[in-house]
Amino acid sequence: MSEIAAMSFEEAMAALEQVVRDLEQGTVSLDQSITLYERGAALKAHCEALLKAAEERVEKITLGEGGAPTGATTVTGL
Amino acid sequence: MTTAVFTHASALQHLAPPGHAERGARIEAVMQALQAPAFATLARQVAPRAAEAEMLRCHPRRHLARVHAALPRDGWAMLDPDTYVSPLSLDAALHAIGGVNAAVDAVLAGQLHNAFVAMRPPGHHAETERAMGFCLFGTVAIAARRALDHHGLARVAVLDFDVHHGNGTQALLWDEPLAMFVSSHQMPLYPGSGAAAEIGAHGQIINLPLPAGSGGAAMRPLWQAALARVRAFAPELLLVSAGFDAHRADPLAGLNWDAGDYRWLTRAICDLADACCGGRVVSTLEGGYDLSALATSAAAHVAVLMERGR
């Protein structure tokens, strides 16, 4: 699945949508269906990881703009 | 009265290329498990060969002709990326249909309390004119139609707990108000159908899609509610498409059932049968591709049928 790790969010979402379409249209063989499902799960996990990373960046920016950070994490270099 | 298992040697003569998941060793594993001392009183019956005309209850003659024409002289021929036929596949499929029909005859005649048919190829993916998903003919749907048309039953129900949606059974019984069909299955997964919104032409179909990774805790309340609806329908016979590929060890799917879940569900099905149709249950093997999980789960299923047949 290293191919997935290198995907951008948009690429991974497009690939995931294709997996869902293939599974729903019944064009996948019974034998391959679970493999395709697993690829879908890996794509979903990759998208979620990218989203989480993006959210964390937004939080840091918010804290930075709000002035003094309150937690133990000091936001520097923003 | 008693419980019987129906099988026939032709189940081992339906061949696919080496490495194919749907293989004769599945039947050998099930029958081996049923040799244990706990099954000493299980009756053993031969699955007879059905007349070819039995298929016409659900399929047009040209579907039969196409399968016939595809049979190779030796080796195997591919009907779709999953589905193969070998020289004796039609014979095996006819014995599978004949086995379920004979089990229904014996149960309706009061000679058996309930029965399990250990045959292959499976049937629940086969549509009106399409062999697919390892399946050639709609074995359980044919038995349902025969119970209505030949035996004159007023209503039957087909309960399908294979991990894949029973699209074929659904298609063949879509417009049959006298046959209720319930299927639980992982979704999304092959064949892609089976959304809860698919309810049949008469609201007589119930689909229970299950998320990947889910186990008995997710399945049990859904089946409980569905079986309550089947009870209200008051079927005179329960047919079961018993696939054991929702087991956590199965290589072709991602649910987390175990033998205890099959035991629970079989008990729930038998409770329903006791309440509405004198305990009449005829169950037939569909999927299940991990030989050890298949053997353990099928044995748990048959053990419950025997408990209820005493």
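Visitor: What makes α4(B) largely enclosed by the rest of the structure?

Guide: In this predicted model, 9 of the 11 residues of α4(B) are buried, so the helix is largely enclosed by the rest of the structure. A residue is called buried if 20 or more other C-beta atoms, placed from the backbone, lie within 10 Å of its own; with 12 or fewer it is exposed, and in between it is partly exposed. The buried residues are Thr139(B), Val140(B), Ala141(B), Ile142(B), Ala143(B), Ala144(B), Arg145(B), Arg146(B) and Ala147(B). They pack against several elements of chain B, among them α3, β6 (156-160) and α5 (167-173). Helices (H or I, at least four residues) and strands (E, at least two) are DSSP runs, numbered from the N terminus.

Visitor: How are the residues and chains labelled, and which features are reported?

Guide: Residues are numbered from 1 along each chain as its sequence is written, while chains are lettered from A and ligands numbered from 1 in the order in which they are written. Because the model is predicted, local features need pLDDT of at least 70 and side-chain atom pairs count only at pLDDT 80 or more, whereas totals for chains, interfaces and linings use all residues.

Visitor: How do you know that α4(B) meets α3(B)?

Guide: Two residues are in contact if their C-beta atoms, placed from the backbone, lie within 7 Å. By that rule, Ala96(B), Ile97(B), Val100(B), Asn101(B) and Val104(B) in α3(B) meet residues of α4(B), including Thr139(B), Ile142(B) and Arg146(B). Ala, Val, Leu, Ile, Met, Phe, Trp, Tyr, Cys and Pro count as nonpolar, Asp, Glu, Lys and Arg as charged, and the others, Gly among them, as polar.

Visitor: What describes the way in which two helices pack?

Guide: Two packed helices are described by the angle between their axes and the distance between the axes. The axes of α3 (residues 89-108) and α4 (residues 139-149) of chain B come within 9 Å and cross at roughly 35°. An axis is a line fitted to C-alpha atoms, for helices over the stretch in contact, and angles run from 0 to 180 degrees between N-to-C directions. The crossing of α3(B) with α4(B) is right-handed; this word applies if the near helix is turned clockwise from the far one by less than a right angle, and left-handed if anticlockwise.

Visitor: Why is α6(B) called roughly parallel to α7(B)?

Guide: The axes of α6 (residues 216-233) and α7 (residues 259-277) of chain B cross at roughly 10° and come within 11 Å. Angles under 35 degrees count as roughly parallel, over 145 as roughly antiparallel, 65 to 115 as roughly perpendicular and the rest as oblique. Therefore α6(B) is roughly parallel to α7(B). Among the residues that make the contact are Trp223(B) and Leu227(B) of α6(B) and Trp264(B) and Leu265(B) of α7(B). The contact divides into 10 nonpolar, 3 polar and 3 charged residues.

Visitor: Is Phe134(B) buried or exposed, and how do you know?

Guide: Phe134(B) has 30 C-beta neighbours inside 10 Å, so this residue counts as buried. Phe134(B) lies in the loop between β5 (114-117) and α4 of chain B. Its phi is near 75°, a positive value in a residue other than glycine.

Visitor: Why does Ala234(B) count as partly exposed?

Guide: Ala234(B) has 13 C-beta neighbours inside 10 Å, and therefore counts as partly exposed. Ala234(B) is placed in the loop between α6 and β9 of chain B. Its phi is positive, about 55°, although Ala234(B) is not a glycine.

Visitor: What is the value of omega at the cis bond from Met187(B) to Pro188(B)?

Guide: For this cis peptide bond, omega is near 5°. Pro188(B) is in the loop between β7 and β8 (205-210) of chain B. A cis peptide bond also joins Tyr190(B) and Pro191(B), with omega about 0°.

Visitor: What is the predictor's confidence in chain A?

Guide: Chain A averages a pLDDT of 81, and 76% of the residues score at least 70. The pLDDT is the predictor's confidence in each residue, from 0 to 100. Over residues 74-78 of chain A, pLDDT stays under 50.
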